[in-house]
Amino acid sequence: MRDPDPRPQPIAGGAPAAEPTFADVNRDVLATLGPPGNIYFAWMAVVGLILTCGILAWTYQIFYGMGAAGKRTPQMWAMYITTFVFWIGIGHAGTLISAVLYLFRARWRTSIYRAAEAMTIFAVLTAGLFPLIHAGRMWFAYFLLPYPNQRYLWPNFKSPLVWDVFAISTYLSISAVFFIVGLVPDIAALRDASTGWKRRVYGMLSLGWEGSDRQWRHYRRAYGLFAALATPLVLSVHSVVSWDFAMALVPGWHSTLFAPFFVDGAIFSGFAMVLVLVLPMRHFFHLHAYIRERHLDMMAKLILVTGLVLTYFYICELFTSWYSGDHFEKASLFWRLTGTYSWALATMYFCNCISPLILFWKRARTNTLVLYVVSILVLIGMWFERFNIIVPSLGHDFYPATWGIYVPTITDSTIIVGSFAWFFLLFLGFIKVMPSLSIVEVKETIPAPMKDPRHVGHH
Amino acid sequence: MNRRDFFKIVATTGATAAAAGCQQATEQILPLVVPNETLVPGVASYFATVCRECPSGCGVLARNRDGRVVKLEGNPDHPVNRGSLCARGQAALQGLYHPDRFAGPQRREGDALKPLTWDDALKLFGDKLGAVKGKKQALAVVTQLESGSLGVLLDRWTQALGGRPRVTLEPFGYEAIRAANRVTFGRDAVPYHAFEDAEVILSFGADFLETWVSNVHAARGFARMHTFRDGKAGTFIHVEPRQSLTASNADEWVRNAPGTEAAVALAVLRLMLEGGAVADKRYAEVVAGVDPKKVAEESGVPLETLQRVARTFAGARPGLAVGGGVAVTGSQATQLQVAVNMINAVAGNVGKTVRFGPDHAYGRVTPYAEVARLVQAMAAGEIEVLVLGTAVNPVFTLPGGLKAAEAIGKVPFVVSFANLPDETTALAHLVLPDTHWLESWGDYAPHEGVMGLMQPTMKPVREGRPMGDVLLTVGRAALGTEEGKGPLPWPTFEQYLRAAWEPLVKGQWEETLQHGGVWRDTPPAAVTVSPKLERVDAAPARLEGPGDGFALLAYPSLRFYDGRSATRAWLQEVPDPMTQVDWDPWVEINTQAAARLGVRQGDVVRVSSPHGAIELPAYVSASIHPGAVAIPIGHHYAPYHLRLKYVPASGPTNPMALLPGAADAVSGAPAFLSVKVTLAKTGARRPLAVLQATHDQDHREIAQHVDLATAREQALRGSRAEHPNLSMYAPQQYKGYRWGMSVDVDACIGCQACAVACQAENNVPVVGKAEAAYGRQVHWLRLERWAEGDPAHPHNMFLPMFCQHCEVAPCEPVCPVFAAYRTEEGLNGQVYNRCVGTRYCGNNCPYHVRRFNWWNYEVPAPLDLQLNPDVTVRQLGVMEKCTMCIQRIVAGKDHARDEKRAVRDGDILTACQQTCPTQAITFGNLKDEASTVSKLAHAPRAYHVLEEIGTRPGVTYLRKVVRAAHEPAPGAGKGHA
């Protein structure tokens, strides 16, 4: 199905299905940075309000204590860690798209990678809040860092939580550097197109980019290097996060399956989030010429593939629990399937295993509505996947005397919703400040400009 | 929002960046302006006294640190408890430091009590006494059981002022035992029961492990006779309609129809006689009217069971039969006790396990019939001044049918010496708060030959005055005499006490104080069975109320006794060991009955008897007799509990409100088992806080058992098969000590004393019902009940669970900051200052014994004075858990170092071990092969909980020994276990 696009095609001359020209790219991308309209402010207001509620809830929790969140014995971890892992997972697709696909020279990545990278950074920034939100004494969270101190105390390098600190901070720094490096030529374009104080700011941020051949050569090399550096992180970060669970004893956690299982799930949910962000962007900024059906189709295929792999992992998980013969594992599994939280498990199976199957049809893969619904379902499903790993497993572990049911409170729910608001606030801000499509790389995919009088006057 | 709150919030928000914002505010400490020269800062002194939380009169050592008592421990020299205390004794400190204690005298003005000065209060009281002095029988004095000098002084005072004979009000007075002993032995006494010497105990509803007569003493004795040791283990058979804590410790619990205890006892007696126990015609006459077959039908106890019980008991050398717990005290109570006496006599136990001579102080309790007469006199307006001693609360503890509140309301002047507000002080005109027993001089003789001496263990917390002093002062004022003259010459009660004790101590006053009293052997009184015995009626107890109703079993709460301990929040929070319910009262309903009524657990049910109605949430149990419902006596609440966010039910919940006022004709006892109640669903719900998620182990072998024959065989064979070390790392090497503990599941009776002792020792906060119900209780030690077998007749095991101090501890590697770490002495340390509160350790602990500070738990003044200065008070957001009483380990090591030696076995006692009445818990050095704990860790019965996970715990459990057969003869059939 074709995208309905009532707007005149951005390409002058009326050439049939013409590729945009370099000039079109500049114009269209820079147009996304134009003064925001009312809809944008309305969205910002909603997001800001929710974020404020989240901040108030967190303040309340810090002031009165962790009891404000619905945690208990045995669920000492619950929705905060669920959402933490969720955001880390979201943060995966960006690096995958920008680095791995770059190295594999998958050209279709060009129009979405900038948005995906921004999403990665913001998702990691959101995820990074959760260890703080979650800690009983967040004001001492710096104890987890290996800083020199009088007491010669180091963090415990055996603890997966310390691995987390390193994995995530590494991931955040590499992703941020990679993101910034990729932005430099585009900021230069922005600088050239803007005036006044904006020009000065963008001028500073563009680090003196002139577009000289030497700079391009360095840029390419650096970009390739960072891509190579970021690629192993795609696998490592979520593997390390998965070890928070796999290294513990808890039945339902203690499994070697977790690292690949988590990485795959992360890519799965990451692509869903990319679609959730890119589809509205494409619609509101009229970027149909750049984010084409081909792109949607590719992403949908990746969702389908990762979804099928995830289904395989689910089956593995069930099988290994059953086949292990371990009483605790089997009891935990049986309870997850039939106990209080079975609805959550059913939701997860539906969203992650059933709903992506529709993407086997080409028409579904290019239908924005279907894609959007499937992506939202996948995000819900993936949130519940982490919930199902954490809450029911803890609720029915080794010791029957302390089995219990976790019930969310207003405080922790508000903080969770607030984290989404924080993410969207960052993303909404980003799309109005920085080019959400890579001008440079989009240009690479279209034919070089021919001699044409219409290009005179553009840089 | 006021300015302060604003600043607080600003500071807290800023704390995301600034670390110090959330630290607790610095508190100012005030040193003693003029320090007592005997007081060494940081060194505890111990004062011996007597526990007065119930009439058992256990000896206590109060641990005083810097002028304040911080912990109570049993006096190891005291013959009643030998160093142990029950949960109520441990929690007495919360009565001492109770935030609701009266600050000073109070006077009624309208509906409220208003403070007044002691001088005014004494003058007021003196004037009233002066006015009533001449009138005959217009002054009444009601006190708790005072078997020592205060009782004598009170009697003297009452007599001098022309009052009615003093009434000793003990709601559970065991009058039926006395009545039966008058009939059978011609002796009005509650004898000494030597549980420790019995081979077989047969109990007809006597809940001797909970509240019956002297529970700590009984528990110690029971442990000695019953716990498996060197191949020997006693047998305990318990007959009761409900599976009480005592019943679940029985090797065979026989469930009878409520009210048929006497019939069952008589049938057992008859079968014993038929079995040729003794050839005495007199006994045959007693049971002439008893048909065991008919009894079996009526009581629901199979004839074979009766025969087996009779055979087992007759074969015991010696046995001990006891009977008559409060719950089964009805119109047949005396008949039951007579039957019990006969059983003991026939089996030859009298003089062996049932000893007259060291008679219990219960013999001095005023029979309930007298109490009822006094209440009638009050109702008739005959009493003008009513003096109520401390710890008596007739409005709450007397049966509702007596209408005590109305009667007291008719008394023109009611003086109460209670130091905490209760239902009775609400009717008092003048409250003269007595000092707490830990602040008072006194003495108490729990039984003949044991005279416990009480001394103030610290300065009074509030402006209370000793009741004896007040009575002497006002008595003299009313009589117009002076100090040193007249019938009340002593200036203070202390001087009276010293004078009274002089002949006993003969100048050794201080030594006696240190010792805790004087005890000597009392020669056993020879008693003979009365030559003329009458036929005993075996009819079931008469129950008033509709025929299709449920027999009401109102039983004294293990935690609250008659309600006098209920103000202690520790006891409210520690769950009832059987139901695992904390805070709320409940009505226990059989599963079938509940299904019939459509009642689920937590549904509020209206329980109506001909004398009243109360509303309680239902606890559905498969084990209680289908024709009965059971309600614990004693649940009531203090204003302090409201501050812990506890909202009590609006109406009365005490089952006493359902009982008739009339006394039993034969014994003069209140008729506890005397009504049938009807149940009606109210539609409301009040979910119970049940702290244990399930009693089903789900085949995880957390509490394990072994049958007696196997245990004997294993004991002969020697040590247990050790699990191989599966770790790829070398096992930890211990340079010095390796501390470890062992818990004998066979000895544990589930009394909760350890849990409360731990709470007292380790500054464990109280969190309130809602939080506890939501898995946020902070108890370092929790007592679990694990049930096996038929739910209607479960076999229960009690398991105290606390940090297992694993050698391969799952909590340690996951802690990112080394807050949880392994010490060199085999403990799992927890550094509160280092803890960030990731709670990873709490998830990874398979035993879930790690507790988190979800909030900053408030300890309102003056309860904060009780906090143990040797133990850190934990802050919001940190993990905590059992430390094996590290402070005691450090003190023990210091002590040993001062003496230039290593720590010896027994030098260090953990708080739980110290108080355990059955000595189920042992602590010691596992590296020392000669230490008890080391031997137990390698004993054949030893196991580790969840051993297969490979945590290698430092705490070893010993399997419960189940008596597969109750028959002394080999090859007998299997029992219920």
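This report describes a surface patch, a pair of helices and several salt bridges in a predicted model.

## A nonpolar patch on chain A

Seven side chains are involved here: L308(A), F350(A), I354(A), L357(A), I358(A), F360(A) and W361(A) make a nonpolar surface patch of about 690 Å². One of them, I354(A), belongs to helix α11 of chain A, which covers residues 342–354.

## Two crossing helices

In chain A, helix α3 (residues 79–103) and helix α13 (residues 368–395) have axes that come within 9 Å and cross at roughly 135°. The arrangement of α3(A) to α13(A) is therefore oblique. The crossing of α3(A) past α13(A) is right-handed.

## Salt bridges

Over all chains, the count of salt bridges is 56. In chain A, D192(A) pairs with R191(A) at 3.1 Å, N to O. D192(A) is partly exposed at 36% relative accessibility, whereas R191(A) is buried at 16%. Chain A also has a network of salt bridges that links D297(A), K301(A), K362(A) and R365(A).

In chain B, E298(B) and K294(B) form a salt bridge at 3.6 Å, N to O. These two residues are 4 residues apart in helix α11 (residues 292–299) of chain B, so about one helical turn separates them. Another salt bridge joins E825(B) and K893(B) at 2.7 Å, N to O. E825(B) sits in the loop between β32 and β33 of chain B and K893(B) in helix α28, so the pair ties together parts that are 68 residues apart in sequence. E825(B) is buried at 19% relative accessibility, and K893(B) is partly exposed at 27%.

Key:
Residues numbered from 1 in each chain as written. Chains lettered and ligands numbered in written order. Predicted model: local features only at pLDDT ≥ 70, side-chain atom pairs only at ≥ 80, totals over all residues. Heavy atoms only, no water. Patch = residues over 30% accessible without salt bridge, like charges linked within 9 Å, V, L, I, M, F, W, Y side chains within 5 Å. Areas by Shrake-Rupley, 256 points an atom, 1.4 Å probe, with all protein chains shown as cover. Salt bridge = Lys/Arg side-chain N within 4 Å of Asp/Glu carboxyl O. Axes fitted to C-alpha atoms, helices over the stretch in contact; angles between N-to-C directions. Parallel < 35°, antiparallel > 145°, perpendicular 65-115°, else oblique. Left-handed = near helix turned anticlockwise from the far one by under 90°. Buried < 20%, exposed > 50% of the residue type's maximum accessible area, 1.4 Å probe, protein only.
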